[in-house]
Number of protein chains: 2
Amino acid sequence: MEFVEGSGRMVRENEIRKAEVSALPSTTDAGLIFIGRVRTPWTSRMETPRQGRADGPLCRIEVFEPWVAALADLEQYERIEVLYWLHLSRRDLVLQSPANDGTSRGTFSLRSPARPNPIGTAIAHLVSIEGAIVRVRGLDCLDGTPLLDLKPDRELFTPIAPPQPGDFQVGDPSLSPSFPR
Amino acid sequence: MEFVEGSGRMVRENEIRKAEVSALPSTTDAGLIFIGRVRTPWTSRMETPRQGRADGPLCRIEVFEPWVAALADLEQYERIEVLYWLHLSRRDLVLQSPANDGTSRGTFSLRSPARPNPIGTAIAHLVSIEGAIVRVRGLDCLDGTPLLDLKPDRELFTPIAPPQPGDFQVGDPSLSPSFPR
């Protein structure tokens, strides 16, 4: 692991800015598979929305085989959670300077694409599902972004599996006597 | 890639059930790093809540170095999005039978931990941040679950970086003439 402080030179895409601090991980702990691709109108990071909007442009999610059958029953949800891999993002910034004004903020206090595990999450409005194609509004990622997952919006989903003890547990004390405070 | 249909034998944790369909991916496309660990009261998958609740038990998120400094400024958000790696989940199920009743649903229509990229997302209520320890309520994962990311709840976050053209774009036509419908 190595720490680097930003030089403050011209910054628009992946350069490091003055007041930013970086850490470079050298190994990975788990592997992801790309299960599809997100098609949006945005082909440059200078155009993409900072945040998606429910009345934004129609976007297409193309699901790859063998995962097309896993779309069954998703059409009943008005909103879906979309997880995607921000494949062009740098992953080493601990502190970032979003306004590039010499001040910095912790990476976890931002929804910037630059993060140790650059996973984007969005709540998208479902328009249609036809075969392998899911049409939605509300995304904010680049055209060609790899897809990681789709799930019903947590606010619309009721578990089908029977409840478990933890579902009824509130406040403290915790179930496990060894649980560290 | 290989397809397998479930046998319907005794099923509680990772076994495949009757009416379930599996696909086994053989490669990975991107790597994750574990940036911390989630401590919860639940040490068995038979106990964990199906869904976290805002008044649930206190849980502790332990952030590893060098990412502790990235927690700066997160304390201003009442709710945070927590991403974690469901390390014990099987990843091959295309169709699942949550009630184990012979009927099945598409994996993407469920919030089951079994999914091709087993990433859990939760909106947790922030209680405190002290050093490397973030205390929250509202999680539903096993004790020891690897942490992937923390970010402000999207509903509470306003981007600090200046707006881009996509932020103002609504409906259709899309910006890009080559955008496929």
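Guide: In this predicted model, B:Tyr84 has B:Leu147 as its bridge partner in β11(B). Strands here are DSSP runs of E with at least two residues, numbered from the N terminus, and two of them pair if DSSP finds at least two bridges between them. Residue numbers start from 1 along each chain as its sequence is written, and chains are lettered from A, with ligands numbered from 1, in the order in which they are written. Local features need pLDDT of at least 70, and side-chain atom pairs count only at pLDDT 80 or more, while totals for chains, interfaces and linings use all residues; side-chain values use heavy atoms, leaving out hydrogens and water.

The β6–β11 pairing is part of a barrel in chain B, which six strands close in the order β4-β5-β10-β9-β6-β11, with antiparallel pairing. On average, neighbouring strands of this sheet are turned by 45° against each other, direction ignored; the axes are lines fitted to C-alpha atoms, and angles run from 0 to 180 degrees between N-to-C directions.

The loop between β5 (58–63) and β6 of chain B contains B:Pro66. A cis peptide bond, with omega of about 5°, joins B:Glu65 to B:Pro66. The loop between β5 and β6 of chain B also holds B:Asp73, which has a positive phi of about 75° although it is not a glycine. Most residues other than glycine have a negative phi, and most peptide bonds are trans.

Strand β7 (residues 93–96) pairs with strand β2 (residues 21–23) in the antiparallel sense over two bridges, with B:Ser22 opposite B:Leu93. β7(B) also pairs with strand β8 (residues 105–106), again antiparallel over two bridges, and here B:Leu95 has B:Gly106 as its partner.

Now to the other chain. The same surface serves both copies, since 100% of the contact residues of chain A recur in chain B, where contact means heavy atoms within 4.5 Å.

Chain A has a barrel of six strands too, closed in the order β4-β5-β10-β9-β6-β11 with antiparallel pairing. In that chain, seven bridges join strand β6 (residues 79–85) to strand β9 (residues 119–130), which run antiparallel. A:Leu83 stands opposite A:Thr121 in β9(A). A:Pro66 lies in the loop between β5 (59–63) and β6 of chain A, and a cis peptide bond with omega of about 5° joins A:Glu65 and A:Pro66.

Note on methods:
Helices (H or I, at least four residues) and strands (E, at least two) are DSSP runs, numbered from the N terminus.
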